[in-house]
Amino acid sequence: MILAENLSHQYGSRLALSNVNFEVKAGEIFGLLGPNGGGKSTLFRILSTMMVPTGGRAEVAGHDVARDPAAVRRAIGVVFQTQSLDKALTVAENLCAQGHLYGLSGPKLRDRIAQVIERLGLADRRNDIVETLSGGLKRRVEIAKGLLHRPVVLLMDEASTGLDPGARRELWQYVEELRSREGVTILLTTHILDEADRCDRLALLHQGRVVAEGTPAHLRSRIGGDVVVLEAGDVAELARRIETRFGLKPSLVDGMLRVEIANGHRFITEVVEAFPGAIDSVGLHKPTLEDVFIRETGALIE
Ligand code: ADP
Ligand code: MG
């Protein structure tokens, strides 16, 4: 349903995307996870036909984004990172204006508005001025707007940015329902780990490159065992001592030492006993997508 082939983009001399390849199947929820500046919005702009890539190609719903942008636009609904609603108008008025942009009017437009309003649980808000709505409700109106012309693909750029955890969960319920009830294919970008974990598949984007791709479970399984994180006054010295004693090579990320190891709880006991007083704090967790990202890039996402 969505295809990127050696997709690259340069803003002047700055390379924002470099040879990106991925494919999204019909009915999938596909996530692009990466830190700020990773290239997510650039990719989003290309897929939504707002910008022509400087290299490679992309297809949405069988249409080339550069050669046939009009066909792509009919197939996609778009939710931008920044809000696009007219705050002085009501929910219904915003949807009406959007319908006119797509050449909808009369009873057909009324029906469509009634449907998306129902779908996104906005029925009791239809005559509220957008300005008065909470962040979560505004996002739902944005999605309703994106769905008004019944696209087969929904593209969302950091759609849950600024939402509290409750509103984010609710947004996800709607996204999952859209996929399961209407078969809409969804591509979203995010820098939020929880959100990425809910996608069917992910591409991890760092400095314009895809550094890993797969289901969240598959990506995590690349890390064997547990992740142990150690804080110390002298991390470099502790790293040397761990390497000598345990034959492990800890990595230094964000001022802390990290060790990927099976049976991490046993290692914790051993390392604390081996170097009394040298360790300030110890943590153990099961691998997260952040750990996968760190392993591939040495950098943090959030
Ligand atoms: P993300 O959405 O993941 O934060 P972006 O796609 O916005 O990443 O940015 C990717 C890179 O491209 C960054 O280095 C950013 O500074 C640069 N960039 C983004 N938009 C522009 C622009 N309009 N002009 C020049 N550089 C840009
Ligand atoms: Mg962005």
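**Strands, ligands and a helix**

Author: Let us start with a pair of strands. In β9, the residue that forms a bridge with G31 is L202. Please keep in mind that this is a predicted model.

Reader: How many bridges join strand β3 to β9, and in which direction do the two run, parallel or antiparallel?

Author: Strand β3 covers residues 29-33. The bridge between G31 and L202 belongs to this pairing of β3 with β9. The strands β3 and β9 run parallel, and the number of bridges that join them is 4.

Reader: Which residue of β10 is the bridge partner of A203?

Author: Strand β10 (residues 209-214) is joined to β9 by 5 bridges, and these two strands run antiparallel. They form a hairpin with 2 residues between them, and Q207 in the turn has a positive phi of about 45 degrees. Within β10, the bridge partner of A203 is E213.

Reader: How many of the residues of β9 are buried?

Author: In a regular strand the side chains alternate between the two faces of the sheet. In β9, R201, A203 and L205 point one way, while L202, L204 and H206 point the other way, and all are buried. Strand β9 (residues 201-206) is thus mostly covered, and the count of its buried residues is 6 of 6.

Reader: Which element gives the most residues to the shell around ligand 1?

Author: Residues that surround ligand 1 include Y11, R14, G39, K40, S41, T42 and R45. Both β2 and α1 supply at least two residues of this shell. The element that gives the most, with 4 residues, is α1.

Reader: What share of the area of ligand 1 does the protein bury?

Author: Several polar atoms lie beside oxygen atoms of ligand 1: a side-chain atom of K40 at 2.8 Å, a backbone atom of S41 at 2.8 Å, and a side-chain N or O atom of T42 at 2.5 Å. Taken alone, ligand 1 exposes 560 Å², and the share buried by the protein is 66%.

Reader: Which residues coordinate the magnesium ion (ligand 2)?

Author: The donor atoms are OG and OE1, at 2.1 to 2.7 Å from the ion.

Reader: Why does S41 count as buried, whereas Q81 counts as partly exposed?

Author: A residue is buried under 20% relative accessible area, exposed over 50%, and partly exposed in between. Q81 counts as partly exposed because its relative accessibility is 34%. S41 counts as buried because its relative accessibility is 16%.

Reader: Which residue caps the N-terminal end of α11?

Author: Helix α11 covers residues 289-297, and its buried residues include L289, V292 and F293. G298, which follows α11, has a positive phi, near 75 degrees. At the N-terminal end, a side-chain oxygen lies 3.2 Å from the backbone nitrogen of E290, and the capping residue that provides this oxygen is T288.

Note on methods. Residues numbered from 1 in each chain as written. Chains lettered and ligands numbered in written order. Predicted model: local features only at pLDDT ≥ 70, side-chain atom pairs only at ≥ 80, totals over all residues. Heavy atoms only, no water. Donors = N, O, S within 2.8 Å, 3.2 Å for Na, K, Ca; no water. Buried < 20%, exposed > 50% of the residue type's maximum accessible area, 1.4 Å probe, protein only. Polar contact = N/O pair within 3.5 Å; in protein donor to acceptor, adjacent residues only side chain to side chain. Near = heavy atom within 4 Å. Areas by Shrake-Rupley, 256 points an atom, 1.4 Å probe, with all protein chains shown as cover. Pairing = 2+ DSSP bridges.
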